[in-house]
Amino acid sequence: MFKKLFEKLTKSKNPESKRYRYDMAKQICGHHVKYVTEKKDGVDEVIGRSGALNIRGDELLVFASSDILMRCRIEDMQAWELLSKDGVVITAPDLQRGGEERTIIVYYVYYR
């Protein structure tokens, strides 16, 4: 009980800090993915469906449509949740594509 309260009170509020990025990765890790979109030429395109967000070592993996859609180092990523808390926006160099900077939006599965 006190551990969770202590973590909440001492949570980093600086989005540029390493600790904030790891806290955000832990927060979004384990969510089930409904679908993933990426903006290409001004249009949001669905690039994957039905998957999960996972942490492996010091990397965040976005897995959907039986493939790894994005693999990035947690230290290099910027992530923020949507105001509705229905998903997360992730911007990072994608290690699957040779370090290409990508921004994707991951929408969570909604459970009642």
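Start by selecting Arg 102 and everything around it: leaving out residues up to four places away in sequence, Arg 102 touches Glu 38, Ile 47, Leu 69, Met 70, Ile 90, Thr 91, Ala 92, Asp 94 and Arg 97. A contact here means heavy atoms within 4.5 Å. Before you go on, note that this is a predicted model, where local features need pLDDT of at least 70, side-chain atom pairs count only at pLDDT 80 or more, and totals for chains, interfaces and linings use all residues. Residues are numbered from 1 along each chain as its sequence is written, and side-chain values use heavy atoms, with hydrogens and water left out.

Stay on Arg 102 and colour by secondary structure. Arg 102 sits in strand S7, residues 100-108. Helices (H or I, at least four residues) and strands (E, at least two) are DSSP runs, numbered from the N terminus. Is Arg 102 buried or exposed? Arg 102 has a relative accessible area of 3%, so it counts as buried. The cut-offs are under 20% for buried, over 50% for exposed and partly exposed in between, using a 1.4 Å probe and protein chains only.

Next, hop to Ile 90, one of the residues that Arg 102 touches. With residues up to four places away in sequence again left out, the contacts of Ile 90 include Ile 28, Leu 53, Leu 60, Val 62, Met 70 and Val 106. Now bring up the largest nonpolar core, which has 22 residues. Such a core is a set of buried Ala, Val, Leu, Ile, Met, Phe, Trp, Tyr and Cys residues joined through side-chain atoms within 4.5 Å. Which residues have the most contacts inside this core? They are Leu 53, Ile 90 and Val 106. The elements giving two or more residues to the core are helix H2 (18-28), strand S1 (32-40), S3, S4, S6 and S7. H2 supplies the largest share, four residues. In soluble globular proteins, nonpolar side chains tend to be buried together.

Time for the charged pairs. Searching the whole structure turns up eight salt bridges, each being a side-chain nitrogen of Lys or Arg within 4 Å of a carboxyl oxygen of Asp or Glu. Select Lys 18 and Glu 75: their closest N and O atoms are 3.3 Å apart. This bridge links distant parts of the chain, with Lys 18 in helix H2 and Glu 75 in the loop between S4 and S5, 57 residues apart. Glu 75 is partly exposed at 28% relative accessible area.

Then pick Asp 76 and Arg 73, whose side chains meet in another salt bridge at 3.5 Å, N to O. Asp 76 is partly exposed at 36%, and so is Arg 73 at 29%.

Move on to Glu 81 and Lys 85, a salt bridge with its closest N and O atoms 3.4 Å apart. Glu 81 is buried, with a relative accessible area of 17%, whereas Lys 85 is exposed at 52%. Now select Lys 18, Asp 58, Arg 73, Glu 75 and Asp 76 together: salt bridges that share partners join them into one network.

Finish with some backbone angles. Lys 85 is in the loop between strand S5 (78-81) and strand S6 (87-94), and has a positive phi of about 65° although it is not a glycine. Where is Ser 65 found? Look in the loop between strand S3 (59-64) and strand S4 (67-73). Ser 65 isn't a glycine either, yet has a positive phi of about 50°, and is partly exposed at 41%.
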